[in-house]
Amino acid sequence: MAPPALLVLVAVAVITAAATMARQASAARAAFAVASNATAGAGGKLNVHLVPHSHDDVGWLKTVDQYYVGSNNSIQRACVMNTLDSVVDALARNPDRKFVVVEQAFFQRWWAEQLPNIQAIVRKLVASGQIEFVNGGWCMHDEAAVHYIDMIDQTTLGHRMIKKQFNKTPSAGWQIDPFGHSAVQAYLLGAELGFNSLHFARIDYQDRERRKADKGLEVIWRGSRTFGSSAQIFTNIFPVNYSPPDGFGFEVLDEDIVPVQDDLQQFDNNIKERVNDFVAAAIAQANVTRTNHIMWTMGDDFSYQYAESWFRNMDKLIYHVNKDDRVHALYSTPSIYTDAKHISNESWPVKYDDYFPYADAKNAYWTGYYSSRPTFKRYVRVQSGYYLAARQIEFLLGRSSLGLFTTSLEDPMGIAQHHDAVSGTAKQHTTDDYSKRLALGASKVEKGVNIALTCLINSNRTCMSSVVKFSQCPLLNISYCPSTEETILAAKNLVVVAYNPLGWDRSEFIRVPVNDENLIVKSSDGTIIDSQLVEVDSVSRNLAKFYVKAYLGIIADKPPRYWLVFQASVPPMGWNSYYISRSIGTGHNSTVYVATMVSPSNDMVEVGPGPLKMSFSLAFGQLKRIFNSVSGVDLPIEQNFFWYRSNEGDTVDSQASGAYIFRPNVTTPTIASSPVPLKVIRGPLINEVHQQFNSWIYQVTRLYKNKEHAEVEYTIGPIPIDDDIGKEVITRLTKTWPQTARNHREDWGLNVTEPVAGNYYPVNLGVYVADEKYELSILVDRAVGASSIQDGELEIMLHRRILRDDNKGVDEPLGEVVCLDGSCKGLTARGTYYVKVDKLGHGAHWRRTYGQQVYSPYLLAFTHEYETSWKSYNVAKASMMDANYSLPDNVAIVTLQNLDDGTTLLRLAHLFQAAEDPRYSVITKVELRKAFGKRSIKELTETNLSANQKKSEMKKVDWRVTGNTENGPIPLKGGPVDSESLVVELGPMEIRTFLLKF
């Protein structure tokens with residue numbers, strides 16, 4: 001044994017040497033880090049791209065505000081403000097560090113709070129590439145339950161902010177958390193934005209394993225059959241999730257954090273083990289990935305609240321891994337990674353269809369959220385159409401003292417598209433917060449619209465001197481409209497102004513609740529038009545009484561007695577006025593019809609005042625047949641309601657149905673009722689069939705004069721749970737159709753584990769089925785889930801009430817209730833779907849054009865005024881467009897918006913796919929001079945979809961693909977716009993975006 005003195009000397013020598021080595025290592029590490037990030041990797045080695053990020057949900061378990069400021073931490077420890085503060089500080093310490101910023105709803109709020117010196121630092125970080133904006137939208141939107149116009153709007157909002165503040169255009173999509181992915185995301189919200197790549201995590205677990213075995217996680221996604229390779233995008237699917245590999249998360253408060261200890265003076269030095277673990281994890285991922293470049297997503301939900309913890313450990317890993325020299329590590333971003341993949345000249349598999357439905361385990365299909373929170377989904381859709389119309393009215397008014405009043409809906413609408421918002425998968429208090437934001441924003445916009453309409457219709461275009469005071473009725477769907485329910489005097493009319501946001505002439509039926517049956521309706525030229533009174537049913541009266549008090553605190557003691565129905569014709573992007581007054585004398589009464597209830601004597605009763613007829617069985621109270629006298633289509637068809645019993649977990653698998661997951665207990669649902677009580681109401685304009693399927697399901701089918709489709713209004717709820725059974729309610733239409741494709745995925749073999757939930761798909765606009773002769777089309781008024789579980793059946797899920805949580809994070813059953821006077825009851829959902837039958841190949845025109853009318857209904861405003869006075873001082877009918885001009889049937893204006901830089905944003909969309917319709921799937925033209933007849937366009941610039949770069953400056957990246965993949969036919973697209981003629985051409989599915997100056 002050595003003498004004690006010698007042991008001390010040896011220890012001192014070791015410590016001194018270790019300290020020297022540590023200092024040398026620190027200096028070398030800093031120098032090596034600079035060198036290692038000079039290029040996107042090292043040739044001949046496996047390159048590990050470390051992409052630091054934080055996934056910050058714009059509301060989920062907590063509200064947007066709670067997440068931002070870090071309150072309500074008993075639910076989740078998360079503070080986005082801290083993350084952004086901390087990241088900026090950490091990046092400023094080392095120029096090699098990088099970070100990707102995603103959700104602009106948070107970043108823009110943080111940015112506005114910063115002092116000029118901090119903003120200057122951030123600008124330098126962005127300019128140097130240390131901060132890269134990816135996605136760049138207001139949120140990371142959902143892809144199943146969101147409307148494509150809302151996806152465009154929220155992305156544009158974020159992109160224009162980034163462009164304005166930093167002169168940057170994001171080049172990568174970062175949809176890492178939505179629950180499945182749409183092909184629309186790939187081509188429209190990817191390639192058409194100018195993105196070069198798209199990155200995400202969630203695909204079906206079976207698909208993922210197959211792709212890992214084939215090294216097919218990364219693909220070239222050609223999401224549009226119409227555009228083919230011209231709108232393709234490189235798509236990177238993460239091997240597991242958007243977290244780092246196990247053991248490489250460095251959030252400072254995580255219980256399982258394993259810091260990198262490279263100080264030789266410390267007894268728990270672990271650098272050798274950490275490097276070996278890093279290399280092993282990198283090689284394992286390389287085995288499922290093509291080329292010598294792999295990506296590690298270095299972050300998770302609400303990470304980097306103390307960013308230095310992450311960056312300090314990554315600094316050490318980069319240094320020591322590169323010193324070890326088996327693999328190469330570097331700080332990276334999605335754009336750097338994509339460039340490296342492109343330079344490799346590798347060939348990639350091609351993907352065409354959706355990544356829907358998504359399952360992460362054999363009994364865990366995330367198809368329930370397609371229909372979760374149906375009333376919130378409807379509220380978002382209503383505000384979407386309203387926002388589109390309001391922006392048009394703001395444009396028509398011109399720049400005024402009102403300013404850009406529609407901006408009050410920008411933020412709440414952007415937030416509502418988040419993948420835990422419109423999806424229906426947030427906690428109840430967060431969903432209430434989303435609704436509150438929408439309601440407050442809509443209320444402000446409504447006030448602006450009322451004033452703007454007052455100005456527009458005034459013959460002198462003056463606002464302040466007008467005595468007209470408009471109001472609107474957002475609760476018309478439950479028959480509540482104070483303006484129309486007021487007593488209508490003999491001389492003073494109820495004036496209804498209908499604004500049409502579509503680019504076509506339009507004739508639609510308007511229904512307003514009234515209390516007087518002695519009414520007449522006049523058009524703007526003074527002509528008396530036909531109208532009909534239909535008694536308000538007891539279900540609607542009870543709904544209005546309960547929900548008006550619950551939501552508005554108003555007691556509706558005298559609910560309206562009737563619906564007044566009349567047909568209103570409105571010019572494109574214009575308005576028309578209708579006057580409702582009390583009838584004076586008997587001469588007018590011939591045009592007012594009070595609907596009557598009939599008692600048919602035969603077993604079958606046929607209803608319909610127009611070309612569409614429906615036959616119902618009196619014995620069973622159900623639909624039996626649809627006949628269209630115009631097309632000659634005669635279909636035997638049945639319709640009923642059913643409900644699936646929610647699985648609460650069983651001996652096979654504990655997985656339950658919930659906000660995300662649809663897992664029925666059995667494959668055969670329970671029928672709601674048979675037979676069904678039936679009531680028929682007839683009149684010359686509208687026939688109604690009322691069906692009470694059970695105590696909590698009520699349906700009214702309406703058939704209108706001059707219309708070839710049926711309008712079906714359902715009222716479902718409160719769904720009873722006194723039997724302790726969760727219920728997922730569907731409507732089902734049944735006919736003898738040919739075999740439907742089920743249990744099938746286009747590019748991989750499905751092992752069927754959930755035959756019902758695994759065959760559900762998201763439906764946003766509509767769905768149709770066809771045989772060799774006919775088509776049955778259904779349009780919906782909100783996002784839903786739908787399927788054909790058995791041949792000859794089409795089912796749509798309309799409402800869900802579930803008693804258990806599905807253990808996917810929200811930690812709360814989907815059991816929506818509404819409380820009033822100290823008691824709560826389950827939510828009632830009211831909605832509408834539309835049904836039409838056509839000969840095979842003839843249904844696309846109605847689906848595309850009437851789908852626009854469903855999304856963009858008339859905007860109705862009401863006031864009371866003397867008819868003579870109104871006509872003396874107001875323009876009763878007008879259009880933005882030249883007289884006798886309207887857009888072609890295959891074109892819609894999806895955006896017309898004044899921007900804060902003095903320009904106007906215009907988007908025109910071709911509504912048809914290639915080969916969808918022989919007449920309409922063609923190049924079409926829009927004459928802007930006629931479309932903006934009352935305005936003179938001084939300058940026009942075409943841009944990408946989000947209007948943050950000129951179209952001419954977009955750069956397309958070509959990729960090599962595997963196999964004998966054909967690029968397909970060259971898509972039809974419009975040519976350049978001549979600055980003199982200002983004629984815009986559009987090919988099928990093409991959306992063209994312009995910035996205009998007037």
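**Notes on the predicted model**

1. Leucine 982 counts as buried, at 3% relative accessibility. Here buried means under 20% relative accessible area, exposed means over 50%, and partly exposed lies in between, with a 1.4 Å probe and protein chains only. Leucine 982 has a positive phi of about 55° although it is not a glycine, and its place is the loop between β48 (960-961) and β49 (983-986). Helices (H or I, at least four residues) and strands (E, at least two) are DSSP runs, numbered from the N terminus.

2. A word on the ground rules: this is a predicted model, where local features need pLDDT of at least 70 and side-chain atom pairs count only at pLDDT 80 or more, while totals for chains, interfaces and linings use all residues. Residues are numbered from 1 along each chain as its sequence is written, and side-chain values use heavy atoms, with hydrogens and water left out.

3. A second residue to check is asparagine 167, which also has a positive phi of about 55° without being a glycine. Asparagine 167 sits in the loop between α6 (148-166) and β4 (172-174). Asparagine 167 counts as exposed because its relative accessibility is 54%.

4. Now the overall picture. The chain contains 19 helices and 50 strands, and buried residues account for 61% of its 998 residues. Along the principal axes, the C-alpha trace spans about 125 × 65 × 60 Å.

5. Two cis peptide bonds are worth a look. One joins phenylalanine 356 and proline 357, with omega about -10°; proline 357 is in the loop between β11 (350-351) and β12 (359-361). Another runs from serine 674 to proline 675, with omega near 0°, and proline 675 belongs to the loop between β28 (670-671) and β29 (678-682).

6. What charge does the surface patch of Asp246, Asp254, Glu255 and Asp256 carry? The patch is negative. Patches are made of residues with over 30% relative accessible area and no salt bridge, like charges being joined within 9 Å and nonpolar side chains (Val, Leu, Ile, Met, Phe, Trp, Tyr) within 5 Å. Lys and Arg count as positive and Asp and Glu as negative, while His and the chain ends are not counted; a charge is placed at NZ of Lys, CZ of Arg, CG of Asp or CD of Glu. Aspartate 246 lies in the loop between β7 (233-237) and α9 (271-286) and counts as exposed because its relative accessibility is 78%.

7. The loop between β7 and α9 also holds valine 252. Val252, Leu253 and Tyr306 form a nonpolar surface patch with about 300 Å² of accessible area together. Accessible areas come from the Shrake-Rupley method with a 1.4 Å probe, and for residues only the protein chains shown count as cover. Valine 252 is partly exposed, at 41% relative accessible area.

8. On to charge pairs: the structure holds 59 salt bridges, each defined as a side-chain nitrogen of Lys or Arg within 4 Å of a carboxyl oxygen of Asp or Glu. In one of them, arginine 732 meets glutamate 793 at 3.4 Å, N to O. This pair links distant parts of the chain, with arginine 732 in strand β33 (residues 727-734) and glutamate 793 in strand β38 (residues 793-801), 61 residues apart. Arginine 732 is buried, with a relative accessible area of 9%, and glutamate 793 is buried at 16%.

9. Arginine 742 is partly exposed, at 22%, and aspartate 791 is partly exposed, at 37%.

10. Last, glutamate 916 forms a salt bridge with arginine 848, the closest N and O atoms being 3.1 Å apart. The pair links glutamate 916, in the loop between β45 (904-910) and β46 (924-927), with arginine 848 in helix α17 (residues 844-855), 68 residues apart. Glutamate 916 is partly exposed, at 22%, whereas arginine 848 counts as buried, at 18%. Elsewhere, salt bridges that share partners join Asp207, Arg210, Arg211, Asp214, Lys351, Asp353 and Asp747 into one network.
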